[in-house]
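User: Could you walk me through this structure? I am new to it and would like to take it piece by piece.

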Amino acid sequence: PAQLIFVFVFVCSGIAAEVAGYTDVAKRIIDLAVFGAARNRSYTRLADFTDTIGTRVSGSNNLDMGIKYMYNAMVKDGLDVHLEPVKIPHWVRGKESAQMLLPRTKSLAVLGLGSSVGTPPEGIKAEVLVVQSFEELKQRASEATGKIVVFNQPFVSYGKTVAYRAFGASEAAKVGAVATLIRSITPFSINSPHTGWQNYQDGVRRIPTACITVEDAELMWRIAQRGQQIVVQLNMEAKTLPDVGSFNTVAEIRGWQHPNQVVVLSGHLDSWDVGQGAMDDGGGAMISWEALSLIKDLGLRPRRTLRTILWTAEEQGGVGAQQYFSLHKGNMSNFDLVMESDLGTFTPVALQFTGSDAARKVMEEVVKLLAPINVTKLEDNGEGTDISPWMKVGVPGASLHTADSRYFWFHHSEGDTMSVQDPGDMDLCSAAWAVVAYVVADLQDMLPR
């Protein structure tokens, strides 16, 4: 045991010394991003992109235009860029409206959920049953037949509460409901509905489903508590068209020593069809490009290849990323680290990491290099829909933890615009992303599995 401990300490001190050797280069990257010629660049790029293209929902012309825009921009930036074809879903919202008719007339702000079916042309006019949980729906199943079920579930956390958006329609259909209106999955609202993907269960009747605002869900709950009848008219033209061709957009700086070994930086290029998709996930896409720009601008070239991937159709369940994984998993042993930013590019506070204990020791040393911008914390659980297939098979994964308390205020709503973004925060995120990716890609050895 004593010998083992000695070897472990020796290896760790060797790694610590090797990583500490990157202190100067890390400072150069940070200085360029935060104070130098690249200051505000990722923000400016994001504004140019989202102002020009707008929303980029899976299957849309806008998404095609967004992919072409980024391909051309990264080629112009001097990076090695290519497109990898994938097939993605094509759901179209169409016109939609909801109106409360009883006990008084009121227009309800509504956003249909991705993959929802539409209503008949004349719409659905029905009495409403308001419930606060799946449990309450089961208890009151006999009351649900022929009704529009309104879910007024309280927001606990996105991870827990999103189940109502994902499965509400099928759960309500099982007890005979004709449609569902779901309280938006957000802790804060100014009468803003939030959209998102929903999943129909096999063998269950597909009924129209949409999100309404927190305010309207609570209003109908209060009315129902008084025993008053509520009637709603719902009209939705939503439909699903055949899958279409799209691309994952890939840009690289080739490694000088081990070009086949790869560190991946990523964000997704698609968005919902509301707002601008600036926060979700324009910011993550831009810092993943910006990281390569910073490294290239400094004339740096790591041992391994740095590969930025801008995923397509993440919002539909990581469709582009799943196809990328299927195509490249045979080469799994060459993937050193996969990184994803998809929870906003606000002030960075930590790096989240999934990997072996030995890899964690290396990453703990790497984040120390971010001391000039106070991001030296390494937390558990790298996360991201697009990198999860890799992490499940043991490839180390990392994600950016930012001061994201307001993220779900704007998420999947008309509020996801450039006004949410801050240039200084994006510089810090870009610096953190670039330092971590470059250093891991340039170390003597790959991260231990």
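**A first look**

Analyst: P259 is partly exposed, with a relative accessible area of 27% (between the limits of under 20% for buried and over 50% for exposed, using a 1.4 Å probe and protein chains only). This is a predicted model, in which local features need pLDDT of at least 70 and side-chain atom pairs count only at pLDDT 80 or more, while totals for chains, interfaces and linings use all residues. Residues are numbered from 1 along each chain as its sequence is written, and side-chain values use heavy atoms, with hydrogens and water left out.

User: Which strand is P259 found in?

Analyst: P259 belongs to strand β11, residues 258-268 (strands are DSSP runs of E with at least two residues, helices are runs of H or I with at least four, and both are numbered from the N terminus).

User: What is P259 in contact with, leaving aside its neighbours within four places in sequence?

Analyst: On that count P259 is in contact with R254, R303 and T305, where contact means heavy atoms within 4.5 Å.

User: Okay, and the sheet: what is the order of the strands?

Analyst: The open sheet has 8 strands in the order β1-β10-β12-β11-β13-β16-β14-β15, with mixed pairing (two strands pair if DSSP finds at least two bridges between them).

User: Which strands stand at the edges?

Analyst: Those are β1 (80-92) and β15 (378-380), each with a single partner strand, so one side of each is left without a neighbour in the sheet.

User: How do β10 and β12 run, parallel or antiparallel?

Analyst: Strands β10 (residues 239-253) and β12 (residues 304-311) run antiparallel and are joined by 5 bridges, and T249 has L310 in β12 as its bridge partner.
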